[in-house]
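The sequence and the structure come first.

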Amino acid sequence: MELNQNIKIAVDAIVFGYSENKLNVLLIKQKFGVFKDHWALVGGFVKDGETLDEAVNRELREEAGITVNYLEQLYTFGDNVHRDPRFRVVSVAYFALVNSTALQPIADSDADEARWFSINDIPPLAFDHDQILKLAYQRIQAKLTYHPIGFDLLPKEFLFSDLENLYCSILNKEIDRRNFRKKILSFGIIEDTGEYAPKSKGRPAKLYRFNQTKYEQLVQEGIFFEINFA
């Protein structure tokens, strides 16, 4: 059977950050091609002999000058055969979670600029990247309820109010903070550092940190992390 195939494989990365009570997304401005000067997700083509994970991490370094710790495959986009006007491209999308307060992107390679945008202020995106971003946002909103991914967006030491505000920002709604605090503390996966954050007014607030080892131990024991926001 004759095989007539000329399909290119690409990877795209939706990098979420969090600062000043806002969920942010890392975008790059295209330097070349049909979408020159358009904003887009970080991404590019997979090289021969390169795994998908290697490709997406390389693109993050080359286009934005960053490395990430939490990276998860999201979905494969290829149903629209015209998603790239140049040729047939199937893209494997990943989403990443980072503490953006400590991560300054630097544009390189075929990116003219790299910048954080609030999730509520995203410019028109190249290709079908608006669709990819929408799905990624829905995924992390859902995943917050059954996996402690929010800690990857915070500094190693944080105020409990920071964690509450993060959940409110990502879910785009207010939560019952008293019940939320009670539920989170009941898991035993965050610990009091014994330190306090400086405050200009009122009592100093305690700093906490996420105990990854404790969480993994609980998972092994069959304890399911779940928070119901209904």
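Setting aside neighbours within four places in sequence, Asn99 is in contact with Tyr18, Asp152, Leu153, Leu154 and Pro155. The model in which these contacts are found is a predicted one. Asn99 itself belongs to the loop that runs between strand E6 (89–97) and strand E7 (111–118), and its relative accessible area of 18% falls under the 20% cut-off, so Asn99 counts as buried.

**Overall organisation**

The protein has 230 residues, of which 46% count as buried, and its secondary structure comprises five helices and ten strands. Taken along the principal axes, the box filled by the C-alpha atoms is roughly 65 × 45 × 30 Å. Among the contacts with a separation of 6 or more, 66% are between residues 24 or more positions apart.

Once neighbours within four places in sequence are left aside, the contacts of Ser118 are with Lys22, Leu23 and Asn24. Arg88 lies 30 residues from Ser118 along the chain, and the C-alpha atoms of these two residues are separated by 31 Å.

**Helix H3 and its surroundings**

Helix H3 covers residues 160–171, a run of twelve residues, and spans 17 Å from its first C-alpha to its last, close to the 16 Å expected at 1.5 Å a residue. Ten of these twelve residues are buried, so H3 is largely enclosed by the rest of the structure. The buried set consists of Phe160, Leu163, Glu164, Asn165, Leu166, Tyr167, Cys168, Ser169, Ile170 and Leu171. Just after the helix, Asn172 adopts a positive phi of about 60 degrees.

| Helix pair | Axes come within | Crossing angle | Handedness |
|---|---|---|---|
| H3 and H4 (residues 177–187) | 11 Å | roughly 115 degrees | right-handed |
| H2 (residues 129–143) and H3 | 9 Å | roughly 140 degrees | left-handed |

For the pair H3 and H4, the axes cross at roughly 115 degrees, which makes H3 roughly perpendicular to H4. On the H3 side, Phe160, Ser161, Leu163, Glu164, Asn165, Tyr167 and Cys168 take part in this contact, and they meet Arg177, Phe180, Arg181, Ile184 and Leu185 of H4.

For the pair H2 and H3, the axes cross at roughly 140 degrees, and H2 is accordingly oblique to H3. The residues that make this contact are Tyr137, Ile140 and Gln141 from H2, together with Ser169, Ile170 and Leu171 from H3.

Reading the contact lists against the burial of the helix, one finds that Ser169, Ile170 and Leu171, which H3 contributes to the contact with H2, are among its buried residues. The residues that H3 brings to the contact with H4 include Phe160, Leu163 and Tyr167, and these three are likewise listed as buried.

Definitions and conventions
Residues are numbered from 1 along each chain as its sequence is written. This is a predicted model: local features need pLDDT of at least 70, side-chain atom pairs count only at pLDDT 80 or more; totals for chains, interfaces and linings use all residues. Side-chain values use heavy atoms; hydrogens and water are left out. Helices (H or I, at least four residues) and strands (E, at least two) are DSSP runs, numbered from the N terminus. Buried means under 20% relative accessible area, exposed over 50%, partly exposed in between (1.4 Å probe, protein chains only). Contact means heavy atoms within 4.5 Å. The expected span of a helix is 1.5 Å times one less than its number of residues. Axes are lines fitted to C-alpha atoms, for helices over the stretch in contact, and angles run from 0 to 180 degrees between N-to-C directions. Angles under 35 degrees count as roughly parallel, over 145 as roughly antiparallel, 65 to 115 as roughly perpendicular and the rest as oblique. A crossing is left-handed if the near helix is turned anticlockwise from the far one by less than a right angle, and right-handed if clockwise.
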